[in-house]
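Thanks for coming. I have one structure to go through today, so please look at the screen.

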Amino acid sequence: MAARKLIEGIWEAGARDKERKLFDELIPLPDGTSYNAYLIKGSEKTALIDSVDPTKTDELLENLENLETERIDYIISNHAEQDHSGALPALLERYPEAKIVTNEKCKEFLLSLHPAIGEEQIKTIKNGDTLSLGNRTLQFILTPWVHWPETMLTYLKEDKILFTCDFLGSHFASEELFVENEDEIYEAAKRYYAEIMMPFRPMIKNHLKTLEGLDIAMIAPSHGPVYHEPSFILEAYEDWVSDNAKNVAVIPYVSMHHSTKAITEHLARALEKRGIKAKVFNLTETDIGELAISIVDAATIVFASPTLLVGPHPAIVYAGYLVNALRPKTRFVSIVGSFGWAETESERIKALIPNLKTELIEPVMVRGYPREDDLKRIDELAEKIYLRHKEAGLVKN
Ligand code: FEO
């Protein structure tokens, strides 16, 4: 796929990957992804910002060739993960004069990930340092933990373009260089935030504050399209990282013989009757990314599981583990489910989510298929959730 021009002297020369189905062998990619690499020609020096996944090395080299790139002076490495650093050894072979420019921590990671890269091929910079390309100047902003400890951003001062690598990106393989359909990219960016950035919410809050002082005309991430309206993605992030939860209860469930399904459906109806939006996910069918998006701002999560081998169903264990790792801003958690002869699963589900700083509302466990009395207990749980949401100012009546 051909390189795409941002402005005079700057191109996106990386690759789109529409076929890729999973990232980290975990995250579903319904829209594929892209590995953006930006070529910047200054009056004296040429820089490349980030590279591509190793599988797309040839495409990057071909694009650089087509742009008549005879020399690269600097390869800026904003992040060491292989989807951005994978082509570095091949780039250094083709452009032996090039120096990788990055921070000390990223250097350490690059050396450990790429045996072919030598220490002498890396120039390190500190937060705030600048690098002149002649008529263009790059400035480096260290932003650790979005989403590795070494992540940084590069700001092109004269053109006011902020290159953010993973931060503010989206897994979206688009032919269009710039965001065309904001609704579509909002969903993709929220999914990306949920799966990759959400665990680092406190750090992101600080980084967004740092960016307030910067005059930004364009945000160019290394996944997904470029934002020519930076406020679109910056305001979305402000909202996602804020402490504001929404009047929503997410219910991930599994049911083997319909008992937990009946409990889940009754709970969802009881919550909806009280004005709370219930989002139900059957874990045997759902795309785990959809679940992740839903917990970005839901005030409540209720795990619903049958008992299997004297514990929660493995699909719920998987969901609990992920939710715990993603550290959403959830305020309230509860557990419902069905058991045959012994109830131990609620304690085990509780033990899965120590990272959630939430109030645990008393679980409701039902023996066998739910009867009238059991459904009443589910109604009581819905009422408790409603009262918590009301106290938190999330429901009006
Ligand atoms: Fe897109 Fe953390 O790599």
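Buried means under 20% relative accessible area, exposed means over 50%, and partly exposed is in between, with a 1.4 Å probe and protein chains only as cover. This is a predicted model, where local features need pLDDT of at least 70 and side-chain atom pairs count only at pLDDT 80 or more, while totals for chains, interfaces and linings use all residues. Residues are numbered from 1 along each chain as its sequence is written, and side-chain values use heavy atoms, with hydrogens and water left out.

The protein chain has 12 helices and 23 strands, taken as DSSP runs numbered from the N terminus: H or I of at least four residues for helices, E of at least two for strands. Of its 397 residues, 59% are buried.

Now helix 4, residues 104-113. On one side, E104 and S112 are exposed. C106, K107, F109 and L110 are buried. These four lie on the same side of helix 4 because they cover an arc of only 165° around the axis, judged by the directions from the helix axis to the C-beta atoms. The buried residues of helix 4 pack against helix 2 (82-85), helix 3 (88-94), strand 10 (99-102) and strand 11 (122-124); contact here means heavy atoms within 4.5 Å.

Next, the core. A nonpolar core is a set of buried Ala, Val, Leu, Ile, Met, Phe, Trp, Tyr and Cys residues joined through side-chain atoms within 4.5 Å. The largest has 85 residues, and F167 and Y237 touch the most other members. Helix 5 (residues 182-197) gives the most to this core, with 8 residues.
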